[in-house]
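Let's take a walk through this model together. Have a look at it first, and then we'll go through it piece by piece.

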Amino acid sequence: MSIKTFQDLIKEVHEKGICQECGGCTSFCSAAFEKVIEFKKPNSPPEYINKDACLECGICYYLCPQTHILDEELNKTYQFTDFSSMPYGYAEDIYSCQTTDETFLKHGTDGGVVNTLLNFLLETKVIDGAIVSKAEGPFSRESMFAETKDDLIKASGTNLNISPQVDEIQRFNTYTRSIPQLSHYKFKKLAIVGTPCQIYTIRCMQNLGVTPSEHVEITLGLFCYHNFLFEKTQIEKFEKDFKIKFEDIIKINIKEDLILKLEDKNSKEKIIHIPFNKLVNYIRPACNSCIDFTNVYSDISFGGLGSPDKFTTVIPRTEKGKKLLQKALDKDIIKSLKLDENTKRNMKTVISKFSELKKERRNKFMENLK
Ligand SMILES: Cc1cc2nc3c(=O)[nH]c(=O)nc-3n(C[C@H](O)[C@H](O)[C@H](O)COP(=O)(O)OP(=O)(O)OC[C@H]3O[C@@H](n4cnc5c(N)ncnc54)[C@H](O)[C@@H]3O)c2cc1C
Ligand code: SF4
Ligand code: SF4
Ligand code: SF4
């Protein structure tokens, strides 16, 4: 049987318009230091830049979240069956948490919990660094390495544009020429924050035992209903459609709709809510083919949906995730609302509803693709 390679990803994923631009293939390419494949253009799938150096090993094909080769294996590891019977993934409990750190709360998207946990991991030296994503402006991003609390504060808040941040990991490839880089950065254990497509690719690599995934100590997964694509003409249309100016956006959040906090020239603030069904023209097309809303393969998942304002919904999934959450609660680094069983049920119901909607959207999209 011939091994499928990046050439097959081009045919089966890119040409169908379903590349999620997660950065998995470019990050974990076995010939990464020959630079075989790379993102060349913004908002476009990666491309061959040196096809002759391709080892035809098939790693990129295996880990792509759109080929689903390793789903069965991952499901076993993460106690997951399918999105119909487990719409929010494996979860023994659900929490609504908030940081006790004023700065993280002020800058956080929701309860500032993700960055607080990362800071805790850094301070206790469980990790040497975290790969996060820094907002450059509304809907634009840049992946960055955080080593300190200051770095994390710079990265606080969500920017809703895909971050090919797993790309950053390739610097820590312990094979071949990366070793000098590893000692240069002095990072050995990493935490990574990511959307479901990004975490999926990391889990595939860990499952295959391919370096540098062994450096990923813990994955903090964000809920993700969709991501947006804003090219210049779309920005103009968006401004017209919703009667706002992009430059006035000071904060973005996503829960059951898109929430924009605006500040005009006279420092007057206002918040507007835009329902998802009005945003169809701005969704990154590949996101329509994505099924995972709650990041079922992460160690802990985080979202705003289901929790009150300034609180984060937290779903620990693995032993590692559960231990981290418990330690942070015990040490009062974060606090949790006391939720009765009825409230928890309601949270699960609303999250399941969005999970179901995402699944239906994907099924329709894939049906049309056929
Ligand atoms: C693309 C996207 C879509 C989302 N969609 C939903 C949704 O539909 N419903 C919902 O309830 N929640 C959604 N979320 C999650 C939600 O916005 C918050 O990130 C989550 O609740 C954590 O909040 P917090 O205050 O605890 O995190 P914080 O303490 O503010 O930390 C947020 C962390 O996320 C990192 N980050 C920000 N943007 C990105 C990115 N693009 N890629 C990777 N890491 C990033 C930051 O670097 C920071 O470390 C989405 C997040 C993203 C990035
Ligand atoms: S070397 Fe392997 S991982 Fe890299 S592009 Fe070729 S087939 Fe994919
Ligand atoms: S691994 Fe990610 S970036 Fe690469 S082809 Fe698949 S979806 Fe696209
Ligand atoms: S909707 Fe899916 S493909 Fe799109 S950014 Fe979120 S996890 Fe990735």
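Two strands pair if DSSP finds at least two bridges between them. Helices (H or I, at least four residues) and strands (E, at least two) are themselves DSSP runs, numbered from the N terminus. Keep in mind that this is a predicted model, where local features need pLDDT of at least 70 and side-chain atom pairs count only at pLDDT 80 or more, while totals for chains, interfaces and linings use all residues. Residues are numbered from 1 along each chain as its sequence is written, and chains are lettered from A and ligands numbered from 1 in the order in which they are written.

First, the overall picture. The protein has twelve helices and 13 strands. Of its 370 residues, 42% are buried; a residue is buried if 20 or more other C-beta atoms lie within 10 Å of its own, exposed if 12 or fewer, and partly exposed in between, with C-beta atoms placed from the backbone. Now take contacts, meaning pairs of residues whose C-beta atoms, placed from the backbone, lie within 7 Å. Among those between residues at least 6 apart in sequence, 67% join residues at least 24 apart.

Now for strand E3, residues 95–99. Five of its five residues are buried. Tyr95, Cys97 and Thr99 point one way, while Ser96 and Gln98 point the other way. E3 runs antiparallel to strand E12 (residues 312–316), joined by three bridges, and here serine 96 sits opposite threonine 313. Strand E13 (residues 334–336) is also antiparallel to E3, again with three bridges, and threonine 99 faces isoleucine 334 there.

Helix H9 (residues 196–208) is our next stop. Just after H9, glycine 209 has a positive phi of about 70 degrees.

Positive phi turns up in residues other than glycine, too. Glutamate 21 has a phi near 55 degrees and lies in the loop between helix H1 (6–14) and helix H2 (24–28). Serine 267, with phi near 60 degrees, is in the loop between strand E9 (258–263) and strand E10 (269–274).

Finally, the ligands. A residue is near a molecule if its C-beta atom, placed from the backbone, lies within 6 Å of it. Ligand 1 is surrounded by 36 residues, and the closest include Gly108, Val132 and Tyr225. Helix H6 gives the most to this shell, with three residues. Domain 1 (6–80 + 89–229 + 283–369) and domain 2 (232–280) both contribute residues, so ligand 1 lies between them; the domain bounds come from an automatic or database domain assignment. Around ligand 2 there are 14 residues, with Phe6, Cys29, Cys54, Cys57 and Cys60 coming nearest.

How values were computed
Two residues are in contact if their C-beta atoms, placed from the backbone, lie within 7 Å.
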